[in-house]
Amino acid sequence: MIDLDALDVKILSLLQKDATIPTAEIAEKVGLSQSPCWRRIKRFRDGGLIRKEVCLLDPKEAGLGVTVFATVTLVQHSEEHVRQFEDIVERHPEIMECYTITGNRDYLLKIIAKDIEAYDNMLTEQFLHLPIINSVNSRFALRSVKYSTELPI
């Protein structure tokens with residue numbers, strides 16, 4: 001974990017809003033010269049705080065109009081079943097996020113698909129036939145109220 005001071009937080013807040021902002025502009029906005037600002041950003045990258053810089057696409061503009069939140073329950077929690085399931089999750093790009101969760105379900109998945117039929121095909125062809133899966137419960141998002149990738153630092 002990297003200790004952050006007030007300047008670090010300002011720099012990271014700017015980068016979370018727009019990772020393409022030039023270092024000189026960040027330095028000006030936070031009241032630093034360019035070299036110390038660059039060194040701080042390099043420290044964030046080298047320390048693993050900044051994992052990667054990406055381009056965020058609009059799913060609807062990309063033809064992906066359905067967001068599904070699915071909970072999955074495994075038949076048993078053996079290391080082999082967990083490994084098999086997590087390997088399957090890694091191989092499916094439409095599964096955007098996967099979390100192990102508490103309660104009466106084992107996993108929560110966020111899935112983006114072209115349409116309901118595409119989701120149904122993925123579910124039936126890739127998951128429901130697997131002997132390690134006990135159940136899948138799907139909830140379809142009607143609309144997005146809030147979406148953010150900015151961490152509340």
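Colleague: Which residue takes a positive phi in the hairpin of S2 and S3?
Modeller: Gly103 does, with a phi near 100°. Six residues sit between the two strands of that hairpin. Keep in mind that this is a predicted model.

Colleague: How many bridges pair S2 with S3?
Modeller: Five bridges, and the pairing is antiparallel. S3 covers residues 107-113.

Colleague: Give me some pairs. What is the bridge partner of Thr100 in S3?
Modeller: Tyr107 is the partner of Thr100. Here is another pair: Ile95 stands opposite Ile111 in S3.

Colleague: And what joins S1 to S3?
Modeller: Seven bridges do, and these two strands run antiparallel. Val68 stands opposite Ile111 in S3.

Colleague: What holds paired strands together, in general?
Modeller: Backbone hydrogen bonds pair the strands of a sheet, in a parallel or an antiparallel way.

Colleague: Zoom out. What is the strand order in the sheet?
Modeller: The order is S2-S3-S1-S4. The sheet is open, has four strands and pairs in the antiparallel sense.

Colleague: Which strands stand at the edges?
Modeller: S2 (95-100) and S4 (133-140) do. Each has a single partner strand, so one side of each has no neighbour in the sheet.

Colleague: How much are neighbouring strands turned against each other?
Modeller: By 20° on average, with direction ignored.

Colleague: Is S3 largely enclosed or left open?
Modeller: S3 is largely enclosed by the rest of the structure, because six of its seven residues are buried. Buried means under 20% relative accessible area.

Colleague: Now the helices. Which strands does H4 lie across?
Modeller: H4 (residues 79-90) lies across S1 (66-74), S2, S3 and S4. The helix runs at about 20° to S3.

Colleague: What about H5, which strands does that one touch?
Modeller: H5 (residues 116-127) packs on the sheet and touches S1, S2, S3 and S4. Its direction makes about 170° with that of S4.

Colleague: New topic: cavities. How many of 30 Å³ or more are there?
Modeller: The count is one. The largest cavity has a volume of about 30 Å³.

Colleague: Which residues line the largest cavity?
Modeller: The lining is Ala70, Val72, Leu109, Ile111, Tyr119, Met122, Leu123, Phe127 and Val136.

Colleague: How does the lining of the largest pocket split by class?
Modeller: There are 24 nonpolar, six polar and 13 charged residues.

Colleague: What volume does the second largest pocket have?
Modeller: About 250 Å³. Its lining includes Glu86, Val89, Glu90, His92 and Pro93. Ile95, Met96, Glu97, Cys98 and Tyr99 are also among the lining residues.

Colleague: Which elements give two or more residues there?
Modeller: H4 and S2 do. S2 gives the most, with five residues. S2 is also an edge strand of the sheet.

Colleague: Last one: where does Asp18 lie?
Modeller: In the loop between H1 and H2 (23-30). Asp18 has 37% relative accessibility, so it counts as partly exposed.

Colleague: How far is Asp18 from Cys55?
Modeller: They are 37 residues apart in sequence. In space, their C-alpha atoms are 9.5 Å apart.

Technical notes: Residues numbered from 1 in each chain as written. Predicted model: local features only at pLDDT ≥ 70, side-chain atom pairs only at ≥ 80, totals over all residues. Heavy atoms only, no water. Pairing = 2+ DSSP bridges. Axes fitted to C-alpha atoms, helices over the stretch in contact; angles between N-to-C directions. Contact = heavy atoms within 4.5 Å. Nonpolar A, V, L, I, M, F, W, Y, C, P; charged D, E, K, R; others polar. 1 Å grid on protein atoms, 1.4 Å probe; cavity = no way out; pocket = protein on both sides within 12 Å on 5 of 7 lines; lining within 4 Å. Points joined across faces, edges and corners; volume = space filled by probe spheres on them. Buried < 20%, exposed > 50% of the residue type's maximum accessible area, 1.4 Å probe, protein only.
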